Amino acid sequence: MSGKTVALPGGRWAISVRKDSTLQRTAWWIPLMSVCCALVFSGIFIAMNGISPFLVYGKMLDGAFGSSYGIGETLVKAIPLLLCGLGVSIAYRISVWNIGAEGQLVVGAIAATAVTIYWPDLPAIAAIPLMVVFGFVAGAIWGLFTALPRTHFQVNELITSLMLNYVALLLLNYLVFEPWKDPKGFNFPGSPMFTLAQQLPSIGGSRLHIGFLFALAAVLLYWVFTKHMSWGYELRLLSANPVAARYAGMSINKQIILVMLISGGLSGLAGMAEVSGVTHRLMYGISPGYGYTAIIVAWLAKLNPFGLILSSVLCGAVIVGGYSVQMIGLPSSMALMIQGSILFFLIGGEVLSKYRFTWSNLSDGGR
């Protein structure tokens, strides 16, 4: 271990900070503590506006879980978060930092809408599967645009995936303002409404749609492949020791391309589910940042497949609860502040968990 000892003011006490390379796994309580710290941190800013943070958090909790409508809305928001979070997690497993889920979601929504534009008369039995395939493939191709520069030219995937997000958003804006704009939409920037055959069926007459089942099935497949298949073992070996994986005959570039195809495809599927299950049209601002929030979902769950379900519901509840606080004069963007705080404390907790802190009394000879 290497580190540093710093004497505190007064000269009696000192604190030693040592980085411990043997600590490979973060403690389970770090995500929980990060959420608590984020709530306290955000509560300070809320109190500075003259509003009780307990009142705000109570409103958010009631808005997200206080009624069957609130629970349904929370689950609706959790669907794209879970699918994008899964995609992000798969890439993170081999240390590929895919922050392009937002763009991959958008192109998935665009591709699914293309089916409704160019084949408007397909029956549901053909339209829905085709939209699923188009959404997944479009997201996968968008992920490939990040993977290929990384594997062939060593271009940092953080930069390419982030830039591709903006390209996807500009493409979306062009389509909904120009060629795909609904002529009967009173100048609203959006495509024509989908027919019933092009909409995902709802569950129990609520706004919750069967995209929720897609997401749960994807979680199950993710768990099976990563825990019980040889591919999952290869990913774990690649993450733990890339040099050993290379000597074992594994192709790192092949794995990067494969995980980015799957990662992008899942985010593209999230876009398809959003347009077909929720908005029923392609429209300006189709995503309020689901792809970016998915990064928090993945970190909060520590890439655990079933933890992803809990973290996506939690972040969905924060979004829905954020809408509820508008009634007491706070903007809904407060939810973004809480999400950002959670990510901040999560990353801080991850970093600090690699260090050991010890106090010593200098007057006792440093013991």
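A search of the whole structure, a predicted model, finds 10 aromatic pairs. A pair of aromatic rings is described by the distance of the centres and the angle of the planes. Phe-225 and Trp-231 form one of these pairs. Their ring centres are 6.5 Å apart, and the planes stand at 80°. The pair is edge-to-face, because planes over 60 degrees apart are given that name. The two partners can also be described by their accessibility. Phe-225 has a relative accessible area of 37% and is partly exposed. Trp-231 has a relative accessible area of 16%. Trp-231 is therefore buried, since buried means under 20%.

Another edge-to-face pair joins Phe-344 and Phe-345. Here the centres lie 5.3 Å apart and the planes meet at 85°. Phe-344 is exposed, with a relative accessible area of 57%. Phe-344 and Phe-345 also belong to a cluster.

Helix packing was examined next. Two packed helices are described by the angle between their axes and the distance between the axes. Helix H4 covers residues 101-118, and helix H10 covers residues 252-279. Their axes come within 6 Å and cross at roughly 55°. H4 and H10 are therefore oblique to each other. The crossing of H4 past H10 is right-handed. On the H4 side, the contact is made by Ala-101, Gln-104, Leu-105, Gly-108, Ala-109, Ala-112 and Thr-113. On the H10 side, the contacting residues include Met-260, Ser-263, Gly-264, Ser-267 and Gly-268. Ala-270, Gly-271, Met-272 and Val-275 of H10 take part as well. The residues of this contact divide into eight nonpolar, eight polar and no charged.

H5 passes H6 in a right-handed crossing. From H5, the contact involves Trp-142, Phe-145, Thr-146, Pro-149 and Arg-150. These meet Glu-157, Thr-160, Ser-161, Leu-164, Val-167 and Ala-168 in H6. By class, the residues of the contact of H5 with H6 are six nonpolar, three polar and two charged.

Two loop residues were also examined. Trp-119 lies in the loop between H4 and H5. Its relative accessibility is 42%, so Trp-119 counts as partly exposed. Leaving aside neighbours within four places in sequence, Trp-119 is in contact with Ala-114, Leu-130, Phe-134 and Gln-198. The C-alpha atoms of Trp-119 and Ala-248 are separated by 48 Å. Along the chain, Trp-119 and Ala-248 are 129 residues apart.

Ser-191 is placed in the loop between H6 and helix H7 (211-228). Ser-191 is buried, with a relative accessible area of 0%. With neighbours within four places in sequence left aside, Ser-191 is in contact with Thr-113, Ile-117, Trp-180, Asp-182, Arg-281 and Leu-282. One of these, Thr-113, is also among the H4 residues in the contact with H10.

Notes
Residues numbered from 1 in each chain as written. Predicted model: local features only at pLDDT ≥ 70, side-chain atom pairs only at ≥ 80, totals over all residues. Heavy atoms only, no water. Left-handed = near helix turned anticlockwise from the far one by under 90°. Helix = DSSP H or I, 4+ residues; strand = E, 2+ residues; numbered from the N terminus. Contact = heavy atoms within 4.5 Å. Nonpolar A, V, L, I, M, F, W, Y, C, P; charged D, E, K, R; others polar. Phe/Tyr/Trp six-rings, centres within 6.5 Å; stacked < 30°, edge-to-face > 60°. Buried < 20%, exposed > 50% of the residue type's maximum accessible area, 1.4 Å probe, protein only. Axes fitted to C-alpha atoms, helices over the stretch in contact; angles between N-to-C directions. Parallel < 35°, antiparallel > 145°, perpendicular 65-115°, else oblique.
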